[in-house]
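Visitor: I'm new to this one. Can you walk me through it?
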Amino acid sequence: MSAKTKAIRTIRRKRKSYVRKAFVLSWFVCASMGYAAAQANRAEVSEFRRAVCPAAAAETIRVCRETSLGRRSAWLKKAEACKPELFRREVVPVRLVKVVPDKAAFQGWRAVPNGAVDSALRRMLKRGDMLIFDFGEHLVGSVAFRFVGFDKAMDAPMRLKFTFAEVPLELAEDEPPSADWRGLSLAWIQRETFTFDNVPSEVKLPRRYAFRYMKVEVIASTPGGKFGLDDVKAIAETSANEKNLRPWRAPSPEEAKMEEIARRTLRDCMQTVFEDGPKRDRRLWLGDLRLEALANYETYRNFEIVKRSLYLLAGTADDTGLVRSDAYERPAFRRGGCRILEYAAFFAVTVLEYLEAGGDRETAEDLWPLCVAQLDLLLNTIGADGVFRPVGKEWWYFIDHCPGLDRQVAEQGALAFGFRKTLELGQKLGREGDVAFLSNVLARMAQGTSRRLWNEERGMFVCEKDGQASYLGQAWIVLGGLAEGEQMARCMKTVLADAKAVRPVSPYGHHYFTEALYVAGLPREASAHMKSYWGRMVDLGADTFWEVFVPEDERASPYRTPLLNSYCHAWSCAPAYFLRSAKYAH
Ligand code: RAM
């Protein structure tokens, strides 16, 4: 090695080491600044607590938490007792398809007809063969078929690969090399390889899938034998009972279509609890539950599933009394690991709406102490001036999957929304005395909002740190009742016209934006917004509404690959609610 090369290498090495040191140092500075800010916020919070939550109220909260902790196992028993029945039906594929690239199609892939199903059945299959069955609609359930033999018996097993797809992209693209998928397992991608020994035989695949398409590839077989497929069918399941579907007359074919897709989305997520997505995560999430329950009251009116979902969350509350954001049913009831701040605030909201929709006062009374217990934790994020500021890493401030969203304004509104509804629930149950102090909390929050977050010049509510304005910031302030009079319509209209404002990326976020437009007295804008957002998915051929949809970037994914997105996600069923509900006259 020449001296010159050596010198260059030493310089490079040194440079690398400086960069590394600078990185570590800046990380340390940022982390300590974040820590210091969180500590400062915590100190402010205690001041707020002292001011708004008198000793008697603090004692009520403590008693409610103790009561709740003691009721958890009884609540889980109640969850088990109201497990809804699943309705099953057989569905056969309607055609064979192939997937072709097409720039005009959703995510660049289109499924086009490729022959009649019959042409694939009772046909001899060999290594390398590939078939894609199209069941004509999105389904959740299992798959069964029969292996048939021919004149030459098999002398070896066959190995088949199955791919289940909600959208054509899942049939066309390979799995990404495993890396960091934000903690998500690539096993959510519905692909299986099975080895089969017997021909003829009846087969039922062991797992449940969410799909419209099923691809079958023959990976290995033998020239020393013949086999084929017959009687391919899906056994679809849901706890939505079509016989209970509320009649509804659509004002137009466009709305009829949108409502049908929304209702199918809901139907396929209605299992033994409300699942968020039957492909992924296949479990109960509190934020999703609220929106599913609202659409359910207008459609299938299955009250058992709401009750079970509420009791499952209640029974798996953690030892601090927090209702976790998610919960599992299988293999046994279990709490999930997520602590989304605003989801905890939505527990009381969901109980209130359940009471209003079905009149089950006994359940609402039973769960009331847990609604009160949430306040203890939620109030710990509000400063002395009545403004929410992040207090540390123990919470997940979600609001939506938007990258770059400063969540301050939206959290402020979402918390106020939860407090307001808790107060309302207390009034309905004759327990307003337990939470009377919330009026004071809300008054302070309204004052804090107008002093610290309202920007008169811009006509919007903006975050303190960076002046960021977002769709969901305005929406949540309106829904939380923190905007005064004309401010409501003004901020909503302004944000709609602001190209730089951060937009929601999921139908969940768009649901709340649409709702806020209605609340702000802008029904025409609300209806137009819903039609342009969900309508775009309809135009792109959605069978069910997707977990995430950014019209300008169809491959957008919070998980770094659209293969992990769920394409039947219950928090997207808004049109079934907005179009049918008497609250939103059309
Ligand atoms: C995702 C899922 C789920 C949602 C959470 C916050 O994992 O989409 O539906 O509630 O995020």
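Guide: The model is predicted. Let's start with the ligand. The shell of residues around the ligand divides into 7 nonpolar, 2 polar and 5 charged.

Visitor: Which residues come nearest to the ligand?

Guide: There are 14 residues around the ligand, and Asp281, Asp288, Tyr343, Glu547 and His569 come nearest.

Visitor: How far is the side chain of Asp288 from an oxygen atom of the ligand?

Guide: An N or O atom in the Asp288 side chain is 2.6 Å from a ligand oxygen. For Asp281, the figure is 3.1 Å, again from a side-chain N or O atom to an oxygen of the ligand. His569 has a polar side-chain atom 2.8 Å from a ligand oxygen. As for cover, the ligand on its own has 290 Å² of accessible area, and the protein covers 96% of that.

Visitor: New topic. How many cavities of 30 Å³ or more are there?

Guide: The count comes to 1. The largest cavity has a volume of about 40 Å³.

Visitor: What lines the largest cavity?

Guide: The lining includes Ala344, Ala345, Ala348, Cys371 and Gln374. Leu375, Leu378, Gly418, Phe419 and Thr422 belong to the lining too. The elements giving two or more residues to this lining are helix H7 (341–358), helix H8 (361–378) and helix H9 (408–428).

Visitor: Which element gives the most to that lining?

Guide: H8 does, with 4 residues.

Visitor: And by class, what is the lining made of?

Guide: The lining of the largest cavity has 7 nonpolar residues, 3 polar ones and no charged ones.

Visitor: Back to H7 for a moment. Is Leu341 buried or exposed?

Guide: Leu341 sits in helix H7. Its relative accessibility is 0%, so Leu341 counts as buried. Leu341 and Leu405 are 64 residues apart in sequence, and their C-alpha atoms are 16 Å apart in space.

Visitor: What about phi? What is the value for Arg301?

Guide: Phi of Arg301 is near 50°, a positive value in a residue other than glycine. Most residues other than glycine have a negative phi. Arg301 lies in the loop between helix H5 (286–298) and helix H6 (303–315).

Visitor: Is Arg301 buried or partly exposed?

Guide: Partly exposed, because its relative accessibility is 28%. Buried would mean under 20%.

Visitor: Next, some charged side chains. Where does Lys279 lie?

Guide: Lys279 is in the loop between helix H4 (253–269) and strand E10 (284–285). At 1% relative accessibility, Lys279 counts as buried.

Visitor: What lies 2.7 Å from a polar atom of the Lys279 side chain?

Guide: The backbone oxygen of Leu563.

Visitor: And Glu137? Where is its place?

Guide: Glu137 is in strand E4 (residues 130–149). Its relative accessibility is 14%, and the cut-off for buried is under 20%, so Glu137 counts as buried.

Visitor: Which side chain does Glu137 make a polar contact with?

Guide: The side chain of Arg89, in a contact of 3.3 Å.

Visitor: Last one. Where does Ser470 lie?

Guide: In the loop between strand E14 (460–461) and helix H11 (471–479). Ser470 is buried, with a relative accessible area of 4%.

Visitor: How far apart are the C-alpha atoms of Ser470 and Met158?

Guide: They are separated by 55 Å. Along the chain, Ser470 and Met158 are 312 residues apart.

Technical notes: Residues numbered from 1 in each chain as written. Predicted model: local features only at pLDDT ≥ 70, side-chain atom pairs only at ≥ 80, totals over all residues. Heavy atoms only, no water. Near = heavy atom within 4 Å. Polar contact = N/O pair within 3.5 Å; in protein donor to acceptor, adjacent residues only side chain to side chain. Areas by Shrake-Rupley, 256 points an atom, 1.4 Å probe, with all protein chains shown as cover. Nonpolar A, V, L, I, M, F, W, Y, C, P; charged D, E, K, R; others polar. 1 Å grid on protein atoms, 1.4 Å probe; cavity = no way out; pocket = protein on both sides within 12 Å on 5 of 7 lines; lining within 4 Å. Points joined across faces, edges and corners; volume = space filled by probe spheres on them. Buried < 20%, exposed > 50% of the residue type's maximum accessible area, 1.4 Å probe, protein only.
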